[in-house]
Each structure stands twice: as C-alpha cells, then as structure tokens.
Amino acid sequence: MLVILKPFFGGISTIFDASWFISDLWMILIIFQFIYYNKQNNKVIDLIYFICFFLITLTNIQWSGTSARSKITPSPGNALPLLQHNIFKLVFIRISLGILFYFCGMIYRIHIEKYQQLLFTGKNFCLAYITISLLDKYYNNSSGSLYYNAEYLSATIWLPISTSFIGIYIYISIAKCVSKYIDEKDILFVISNEIYHIMCQHMCIYLILNIIAIATLGDEKSEVLNASAKYRYNSEMRWPIYIGLCTLIPTYSAIYIRPLLQKNTKTTSNELKL
C-alpha cells in the first residue's frame, strides 16, 4: 500500500508511520507460533515464559540505551553490519517489547481476568495513578517514551515496562468504569470498536485535510507538508476539525465498507464451491 500511494503524496511516507503496529503484530504472531507451546494452560509453564520474555526485554532495553545510533549512511559500497542498522535495532527491540505485552495480554485473559473484581478497585486505581505521576515527575520526559538510541536521555531499564503496565491498568480501569454508562449504540462505543482503523488512517487524513486547507486558503505553501508529518494547518483554531474527522471518517468507513467486503467474500466463496 505504501509503495502504491507514496508517489501521490510527493514521497511523504511518514503519513503511514501510524500503521507500524500492524507489521510488528504480524511478526509477533508468527514468532509466537514457533516459541510458545502450552495447550494445557499450565501456570508454571506460563510463569517460566513470562520470566524469559521479561529478561529478554530488559536486555534489549539496556542495549537500546547503550548502543549509539550509527552515523554512517548505508550504501551499496558501504554496507553496515546488521546489528548496527538503526531500523533493525528499532524493529528488533520494539518486537521484543511487543512479545512481552502480547503474552501478558494472553495471560491476563486466561489466568487473571477472573479476579478482576479484586484487581480493579478504587484503591488500586489511586495507587497506580500516584505511582505513575511520581515516576513522570521524577524522570520527566524519559517516562513518556522510549528512544532506541543512546544519544537520548536514558532512564533505568525497568522504567519503560513499569510505566507501560501501570498505564495499561489505568486505561482499562477507566474503560471499565465508563462502559457501565455507555450503550452499545453510543458513538463512543462505536468508535472504540473501530480504533484499529483510526490508528491506521488518522495521519493520512491529517495530510488530506492539510492539502485541502492549503489549496483553498492559500496562505501557506505546500512545502510545509514535507517538513513534518505532525504538521496541522492552523491547529490552534482547527484542532476540533482534525480530531473529529480523523476519528469519524475511519470509524464509519469501516462500518459501511465491512459489509460490502464480507458480502464479496461470501459470494467468492460460494462461486469456488460451485
């Protein structure tokens, strides 16, 4: 898809960066089929897997904080060793983190979800919120994201994992509270079911809105679109438009297109049977 659409957007490939999780999830699912085996859902086996994934992730976080970014641009006559490629390091470490959290999600569904009444309480929520607030205050910007590069400020290796787990717990707690007061036909419920499509498409819609705004209003040059994928035309005034359209367009596009695709798939399947 990127190869097809990139020329039409003047080579701006960063508008599709939001879809990075699709390829990573695809790789995680493939790897998981080869490394995980526990048909009986044995807790001891899952605990061993968790310890292994956890240690591997800590090792890779340490590697990301101690290995400097390569200054050499790869070329046919100047090839870099695989482990020195910035993209390889980024993808490798990101997938190792993804495997840990994918496994934890599976373990939560199998072993922990039945205890959610004990887990999701007001006291636990307050404790989690205070903890992540203190971590954010103490480590400042280091707790907001993990840079796979020693040139950036490196926090302790446990910080990315701990803040991720606490953040996930907080958002699940909020979702459980809010879901009690939202009907299945409510707009928020509908949007939550299509979050996959919103994540994939929102930056592309940003770009389309920018093009329309610049073409119609004409007080900006199109070169600004190449400067940054995060550019928003007059965002101080028009941020509700960006957020609204980038949420609603993917949501309702998926809702209306999905039945057509399912109908076409069903028709094709029937034709093959005949």
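**View 1. Burial across the protein.** Buried residues (under 20% relative accessible area, 1.4 Å probe, protein chains only) make up 28% of the 274 residues. The model is predicted: local features need pLDDT of at least 70, side-chain atom pairs count only at pLDDT 80 or more, and totals for chains, interfaces and linings use all residues. Residues are numbered from 1 along each chain as its sequence is written, and side-chain values use heavy atoms, with hydrogens and water left out. The accessible surface (Shrake-Rupley method, 1.4 Å probe) comes to about 19,000 Å². Carbon and sulfur atoms account for 66% of that surface.

View 2. The protein has eleven helices and zero strands. Helices are DSSP runs of H or I, at least four residues; strands are runs of E, at least two; both are numbered from the N terminus. Contact means heavy atoms within 4.5 Å. Among contacts between residues at least 6 apart in sequence, 68% join residues at least 24 apart.

**View 3. Two annotated spans.** An unreviewed UniProt entry annotates "transmembrane region" at several spans, including residues 44-63 and 237-257. Such annotations may be inferred rather than shown by experiment. Residues 44-63 are 100% helix, with end C-alpha atoms 29 Å apart. Residues 237-257 are also 100% helix. Their end C-alpha atoms lie 32 Å apart.

**View 4. Ser-162 in helix α7.** Ser-162 sits in helix α7, residues 159-179. Ser-162 counts as buried because its relative accessibility is 19%. Its side chain reaches the backbone oxygen of Leu-159 at 3.0 Å. Thr-131 is 31 residues from Ser-162 in sequence; C-alpha to C-alpha, the two are 9.9 Å apart.

Key: Buried means under 20% relative accessible area, exposed over 50%, partly exposed in between (1.4 Å probe, protein chains only). A polar contact is a pair of N or O atoms within 3.5 Å; within protein, one must be able to donate a hydrogen and the other to accept it, and residues adjacent in sequence count only if both atoms are side-chain atoms.
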